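Please look through the sequence and the structure shown here before reading on.

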Amino acid sequence: MESKPEAIITRLVFPARSIAASLFLVLPLTAVESGVAVPGAAAVPADSGTTLLERLRLEAHGFVSFGYLRTWENNWLGDDTIDGTGEFYEAALNAIARPANRLRIGAQLFTRDLVSYDNGRVEVDWAYADYRVADELGISLGRVKVPFGLYNETLDVDSARTPIFLPQFYPLRARDRQLSVDGGKVYGLVGIGDLGSLEYAVYGGDKHYADESSTVQQLGEFGFGEDPDVDTDWIAGGVVEWNTPLTGLALRLSLWCYEDFVISGVRPGGATADSETDSTFSVVSAVYERSAVTVACEWAHLRNSGEAVFTPPGLTVSLDDELDSVYLALTWHAKPWLDLYLAGDITEARREFFGDQHGYRAVAAVAVRPAEHLTLKLEAQHNDGTLGIAAADNPQGVAQHWQAVALKATVDF
Amino acid sequence: MRRLVLIALVLICVAPASAQVAVTHPAVPEHALHHARLRDILLGRVTTWDDGTPIVIILVEEADDAAATARLSGRDLGRLLRGWKRLVYAGSGAMPLVVSSARDALEEVRRRPGALTVLALAPVDPAEHVVPEQ
């Protein structure tokens, strides 16, 4: 009786440096490309005895991080960081099931305490159903994360990066502001032959901001009174990433827009504050991963247009603001358990009403992974500028130059 | 047949420095993979086979096999897994399974529809029933 191959082996070969080796290697590569490279099959009999969880393909993952933050000269993210604070944790728990081919459903709960922000509030980070029609087309519906820049989708995935804090243009206080939308996303991967491949995503939807969310809290601190009402008509955007023929080099363009972002609040004393703005946020990103080094560079430009009215006295102010930010980051993967990171970040905000501000930041960080699911990090920053510093947190006066050191331990599963 | 003999020679003479083998579950519909597509799979850009079966990636910790995966993906095992953590916590993927040896990897490939693993060398254990080219 003829044996039927039950597993398929595909040989893959890569250009070798020596001519002799190349001679050997061309033949199987040709065979692979012509689709006939099934030279023999290791017949590993399929095992049909699977559990229910395996049939649902159900997975659960999570992480928890605890940290410590200490600053010098200015309080940052709260009013007590000069004394040092341990109010600095994050945790997430998710479940993903793949009950049918092409279909994936999942949800993640997230909580954090970022000094004076969120304070342990639990929120649904994402919850979606995803159908992958083909490599070129996938559709997600629900609360979907927003791809934006290199890191917006992974703002909280501390264990997967070396620094503790992301570059300045990524939302830190108001993490929920552009983290996700309640709507949908269409995405895919398109091969472009010898030029590599293109990944794309287009998304759109609405966003609800809970009263206790960090976005609402931050807008209140900006002068809109306690717990202002925040709403937006719609949010939309997209990314396209070119995975270039140069292995490890990817270029990405991101765009994020929202229309009629409306804030209505009551300031101390009873005056009302109402604003309406449209925003466009664009990012150009480049990342190069090669051997033990990763280089990342991004340039971001935010443009807001709109106005705010304070009644009384009936004062109308322009909110036509712009922000430009650029950073260069270098990560050296010195050992499988050790990453070193250096970055320089220049961010400038031009605001008609609130005034211009800048934040120039130099960052050094180290991540140590003594075990597969444990990450320990140390980050040091030197900052020139007051961007991101709240005067209310610094009754002693705001300093132009300030420093921060953060420690963090993350366990994931 | 002659070409297949040459392929075997490649494995004997050149591997493991520059050759690697991808092994899939029997039901996987794709009989050949270009290295670019395999790289896309390992990096999480492609998550399903052509027939819609989810791809289940089995990564091997053994040095030679891990090196074979690194040659394909451009990332060592640790960085590859950190990349997958980014996808998993962003809701974009399901975590690869990590096993300690090629033998364990083959066991998992056998058990899981859609499974794929990358090894430094084709399995030669006599227990694995190698079917000759017809």
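What follows is a short briefing, grouped by topic.

This is a predicted model, in which local features need pLDDT of at least 70 and side-chain atom pairs count only at pLDDT 80 or more, while totals for chains, interfaces and linings use all residues. Residues are numbered from 1 along each chain as its sequence is written, chains are lettered from A and ligands numbered from 1 in the order in which they are written, and side-chain values use heavy atoms, with hydrogens and water left out. Helices (H or I, at least four residues) and strands (E, at least two) are DSSP runs, numbered from the N terminus.

**Cavities**

- On a 1 Å grid over the protein atoms alone, a cavity is a set of points where a 1.4 Å probe fits but cannot get out, and its volume is the space filled by probe spheres set on the points, which are joined across faces, edges and corners.
- Four cavities of 30 Å³ or more are counted by this rule, and the largest cavity has a volume of about 70 Å³.
- Lining residues have an atom within 4 Å of a point, and those of the largest cavity include A:Phe165, A:Tyr327, A:Asp345 and A:Arg361.
- Strands S17 (338–350), S18 (357–371) and S19 (374–384) of chain A each give two or more residues to this lining, and the largest share, four residues, comes from S17(A).
- The lining of the largest cavity divides into seven nonpolar, two polar and three charged residues, where Ala, Val, Leu, Ile, Met, Phe, Trp, Tyr, Cys and Pro count as nonpolar, Asp, Glu, Lys and Arg as charged, and the others, Gly among them, as polar.

**A helix pair in chain B**

- Helix H2 (residues 35–42) and helix H3 (residues 63–73) of chain B pack at an angle of about 105°, with their axes 8 Å apart; axes are lines fitted to C-alpha atoms over the stretch in contact, and angles run from 0 to 180 degrees between N-to-C directions.
- H2(B) and H3(B) are therefore roughly perpendicular to each other, a term that covers angles of 65 to 115 degrees.
- In their contact (heavy atoms within 4.5 Å), B:His35, B:Leu38, B:Arg39 and B:Leu42 of H2(B) meet B:Thr69, B:Leu72 and B:Ser73 of H3(B).

**Paired strands in chain A**

- Strands S12 (residues 249–266) and S13 (residues 272–290) of chain A run antiparallel and are joined by 16 bridges; two strands pair if DSSP finds at least two bridges between them.
- S12(A) and S13(A) form a hairpin with five residues between them, and A:Gly269 in the turn has a positive phi of about 100°.

Methods:
On a 1 Å grid over the protein atoms alone, a cavity is a set of points where a 1.4 Å probe fits but cannot get out, and a pocket is an open set with protein on both sides within 12 Å along at least five of seven lines; lining residues have an atom within 4 Å of a point. Angles under 35 degrees count as roughly parallel, over 145 as roughly antiparallel, 65 to 115 as roughly perpendicular and the rest as oblique.
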